[in-house]
Amino acid sequence: MPQYELWLQLTAPELILSISSLVLLLIAGFAGQKSSKLVGMLAVTALVASSAVALDFLTGDGFSEGADAFYGQYFMDRFGSFMKLLIYAAAIITLIISPRFLEERKMMRPEFPVLIVFAAIGMGLMVSATDLISLYIGLELNSLAAYVLASFARDDERSSEAGLKYFVLGALASGILLYGMSLLYGFTGTTSFIGIANAFGDELGNGALFGMVFVLAGLAFKISAVPFHMWTPDVYEGAPTPVTAFFASAPKVAAIALTMRVLFWCFYGFIASWQPIIIFIALGSIIIGAAGAIGQQNVKRLLAYSSINNVGFLLIGIAAASAAGAAATSTYLLIYVAMTLGAFACVMELRDANGNAVESLDALAGLSKVRPGIAAALAIFMFSLAGIPPLYGFWGKALVFSAAVEAGLLPLAAIGIAASVIGAFYYLKVIKVMYFDDVSGIVVAERIAPERLAIIILTALFVSPLGFFLNGVIATYSDQAGTALTYFLSFA
């Protein structure tokens with residue numbers, strides 16, 4: 001196959017979304033507000049098409065070892081394919097559950113699905129980036145769309161504040177990341193991940209170490225890990241709920257995958273240098289995420305701290321620095337995306353008699369009597385996020401702890417298990433309020449939106465004990481993803 005044809009084939013998911021986004025912009029520009037539903041449906045179609053291509057890369061034998069495009073700027077392998085499927089699935093679900101919520105608040109505009117598609121393009125580039133330049137292009141393409149999405153409710157002061165905070169702090173994080181990249185380039189003379197690894201040889205100098213630390217700091221902001229988590233509760237609370245659901249799922253997958261690619265490709269020969277940093281960030285995220293959520297009275301802020309907490313568990317898998325740890329993190333991400341999107345779909349169904357969104361935890365008092373179905377689903381997601389067996393969320397935590405133990409990080413696994421008990425408190429608090437407190441009378445009983453009902457049922461079934469029946473399939477592809485991530489390490 002000619003080189004350029006191969007490059008086009010490898011980048012097909014991004015090409016489909018790029019062409020689709022331009023067509024959708026033209027439709028939105030010419031047809032105006034009335035094209036919102038059409039643009040949304042076409043955006044879902046484009047994401048499904050890109051998912052089909054990514055699935056073919058994941059399951060087919062033609063690219064089992066991966067292949068690079070554009071002279072090493074981009075790499076398509078089973079790890080990237082697995083992560084892209086999660087990103088596109090999260091984007092599709094967001095576009096399915098959002099329109100009714102946005103229409104009720106007169107916020108539905110055709111720009112919303114277009115921005116989601118642009119963000120998905122950037123995230124696809126992030127997980128396939130094998131060069132600092134392509135890394136930054138993907139990161140910024142996602143971030144620029146995210147800044148607008150955070151402030152999408154233009155008449156809402158909280159949304160405007162969320163967008164401004166996200167933009168200012170995101171610009172700071174980008175600056176830190178760029179400074180780290182410039183140091184790495186200055187000390188190695190290359191921006192290629194493999195080139196950087198080869199240039200270091202057997203010794204990581206002080207300058208290169210500073211570069212690595214700055215790059216990790218910039219990436220830590222993107223995954224909202226401690227100590228760069230401060231923006232998360234404010235942005236999650238202020239942004240429209242569908243946007244918050246998207247932020248808590250797809251960008252998290254992309255940033256975690258990018259972090260894994262950087263560590264496992266650029267710095268694998270220096271595990272002793274970056275492993276303590278990851279362990280510190282992991283434990284800090286678990287403890288602060290859990291402790292910070294205890295006093296929260298806003299459900300979206302509580303889920304923001306839950307997101308920080310779960311990032312800590314994901315980082316435990318990365319700290320293991322092995323194919324098993326990468327596979328465990330991949331499985332955990334899949335389960336986490338399902339739990340998060342299901343929980344936010346339930347939150348979108350909560351409204352008062354005037355049709356206003358209900359986010360206060362006190363307003364959920366007695367929800368099991370007013371909306372028993374939503375309360376039951378939310379309880380399943382809370383139990384699963386807490387990692388309580390036999391729900392599927394337990395399996396994700398078990399895998400990352402097992403990988404840590406296999407890597408000789410028994411103290412890290414032990415502390416992580418102990419700290420997860422703290423997190424169980426605030427998840428159980430939500431369930432206690434819904435089932436054992438007197439009815440608040442704020443949330444009213446309504447017929448659930450059919451599309452949201454379907455998503456809630458599917459995600460609830462997935463994180464229920466029935467999810468264990470999919471263990472074989474999930475383990476097969478997550479193991480392949482973990483192996484693919486470490487395949488070229490012998491050449492680095």
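At what angle do helix α15 and helix α20 pack, and how far apart are their axes? Before selecting them, note that this is a predicted model, where local features need pLDDT of at least 70, side-chain atom pairs count only at pLDDT 80 or more, and totals for chains, interfaces and linings use all residues. Residues are numbered from 1 along each chain as its sequence is written, and side-chain values use heavy atoms, without hydrogens and water.

Select residues 299–319 (α15) and 410–436 (α20): the angle is about 160 degrees and the axes are 11 Å apart. Helices here are DSSP runs (H or I, at least four residues), numbered from the N terminus. Axes are lines fitted to C-alpha atoms over the stretch in contact, with angles from 0 to 180 degrees between N-to-C directions. The two helices are therefore roughly antiparallel (angles over 145 degrees).

Next, show the side chains between them. Residues of α15 including Tyr-305, Asn-309 and Phe-313 meet residues of α20 including Gly-416, Tyr-426 and Val-430 (contact: heavy atoms within 4.5 Å). The residues of this contact divide into nine nonpolar, five polar and no charged (Ala, Val, Leu, Ile, Met, Phe, Trp, Tyr, Cys and Pro are nonpolar; Asp, Glu, Lys and Arg charged; the others, Gly among them, polar).

Move to Leu-149 in helix α7, residues 132–150. Leu-149 is buried at 1% relative accessibility (under 20% relative accessible area, 1.4 Å probe, protein chains only). Beyond neighbours within four places in sequence, its contacts include Phe-112, Pro-240 and Phe-247. Phe-247 is 98 residues from Leu-149 in sequence, with 9.4 Å between their C-alpha atoms.

Finally, select Cys-266, buried at 1%, and Cys-346, buried at 0%.

Conventions
Buried < 20%, exposed > 50% of the residue type's maximum accessible area, 1.4 Å probe, protein only. Parallel < 35°, antiparallel > 145°, perpendicular 65-115°, else oblique.
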